[in-house]
Amino acid sequence: QVQLSESGGGLVQAGGSLRLSCTASGDISSINAMGWYRQAPGKQRELVAAITGGGRTNYTASVKGRFTISGDNAKNTVSLQMNNLKPEDTGVYYCNAVQFRGGHFYDIGWGQGTQVTVSS
């Protein structure tokens, strides 16, 4: 079992920056990739960015060029640097850990969520 603890988030004006961090504990060896999801009010949760253990990254189109996901395997942390924030980035951000087995990805951990609010 994997436990994820998030930090960061808050209120920022449009154009500002925030940094989210997520620390994993527990069965760390079972993690193959980690990512950040967000959920805006009334909308489905969506994947924002992800990173594999080998450092490959993936971003949703709306954040490319503005957000950067990075990982520190030694500290079991994943961070999301968010620059040039827009009001549409507002939502609850969740850290996620997945395991790849049998040709599929399986969720093995979720953080409690942290609120990001971008004012216009």
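This is a predicted model: local features need pLDDT of at least 70, side-chain atom pairs count only at pLDDT 80 or more; totals for chains, interfaces and linings use all residues.
**Entry 1**

I placed Asn84 in the loop between β8 and β9. Its phi is positive, about 50°, although Asn84 is not a glycine. I noted for context that most residues other than glycine have a negative phi.

I then turned to Asn76, which sits in the loop between β7 and β8. Asn76 also has a positive phi, near 55°, and is not a glycine. I recorded a relative accessibility of 28% for Asn76, so this residue counts as partly exposed.

**Entry 2. The disulfide**

How many disulfides does the structure hold? I found one. Cys22 and Cys95 form it, with their sulfur atoms 2.0 Å apart. The pair links distant parts of the chain: Cys22 belongs to strand β3 (residues 18-26) and Cys95 to strand β9 (residues 91-101), 73 residues apart. I read -85° about the S-S bond, and the link of Cys22 and Cys95 is left-handed.

Is Cys22 buried or exposed? Cys22 has 0% relative accessibility and therefore counts as buried, the cut-off being under 20%. Cys95 is likewise buried, with a relative accessible area of 0%.

**Entry 3. The nonpolar core**

I examined the largest nonpolar core, which has 26 residues. Those with the most contacts inside this core are Met34, Trp36, Leu80, Met82 and Tyr93. The elements giving two or more residues to this core are β1 (2-7), β3, β4, β5, β7, β8, β9 and β11 (114-119). I noted that β3 gives the most, with four residues.

Leaving aside residues up to four places away in sequence, Met82 touches Gly16, Ser17, Leu18, Leu20, Arg66, Phe67, Tyr93 and Val116.

**Entry 4. Val92**

I located Val92 in strand β9. Its relative accessible area is 21%, so Val92 is partly exposed; the limit for buried is under 20%. Apart from residues up to four places away in sequence, Val92 touches Tyr37, Arg38, Gln39, Gly113, Thr114 and Gln115. I also checked Val92 against Asn32: the two are 60 residues apart in sequence, and their C-alpha atoms are 23 Å apart in space.

**Entry 5. The largest pocket**

I found about 250 Å³ of space in the largest pocket. Which residues lie nearest its centre? Of the 16 residues that line the largest pocket, these are Ile31, Met34, Gly53, Asn73 and Val78. Two or more lining residues come from each of β4 (33-39), β5 (46-52), β7 (67-72) and β8 (77-82). I recorded the lining of the largest pocket as seven nonpolar, eight polar and one charged.

I noted that Met34 is among the residues nearest the centre of this pocket and is also among those with the most contacts inside the largest nonpolar core.

**Entry 6. The second largest pocket**

The second largest pocket holds about 220 Å³ of space. I found 15 residues lining the second largest pocket, and those closest to its centre are Ala33, Leu47, Ala50, Val98 and Phe105. The elements giving two or more residues to this lining are β4, β5, β6 (57-59), β9 and β10 (104-110). I recorded the lining of the second largest pocket as eight nonpolar, five polar and two charged.

How values were computed
Residues are numbered from 1 along each chain as its sequence is written. Side-chain values use heavy atoms; hydrogens and water are left out. A disulfide is a pair of cysteine sulfur atoms within 2.5 Å. Buried means under 20% relative accessible area, exposed over 50%, partly exposed in between (1.4 Å probe, protein chains only). On a 1 Å grid over the protein atoms alone, a cavity is a set of points where a 1.4 Å probe fits but cannot get out, and a pocket is an open set with protein on both sides within 12 Å along at least five of seven lines; lining residues have an atom within 4 Å of a point. Grid points are joined across faces, edges and corners, and a volume is the space filled by probe spheres set on the points. Ala, Val, Leu, Ile, Met, Phe, Trp, Tyr, Cys and Pro count as nonpolar, Asp, Glu, Lys and Arg as charged, and the others, Gly among them, as polar. A nonpolar core is a set of buried Ala, Val, Leu, Ile, Met, Phe, Trp, Tyr and Cys residues joined through side-chain atoms within 4.5 Å. Contact means heavy atoms within 4.5 Å.
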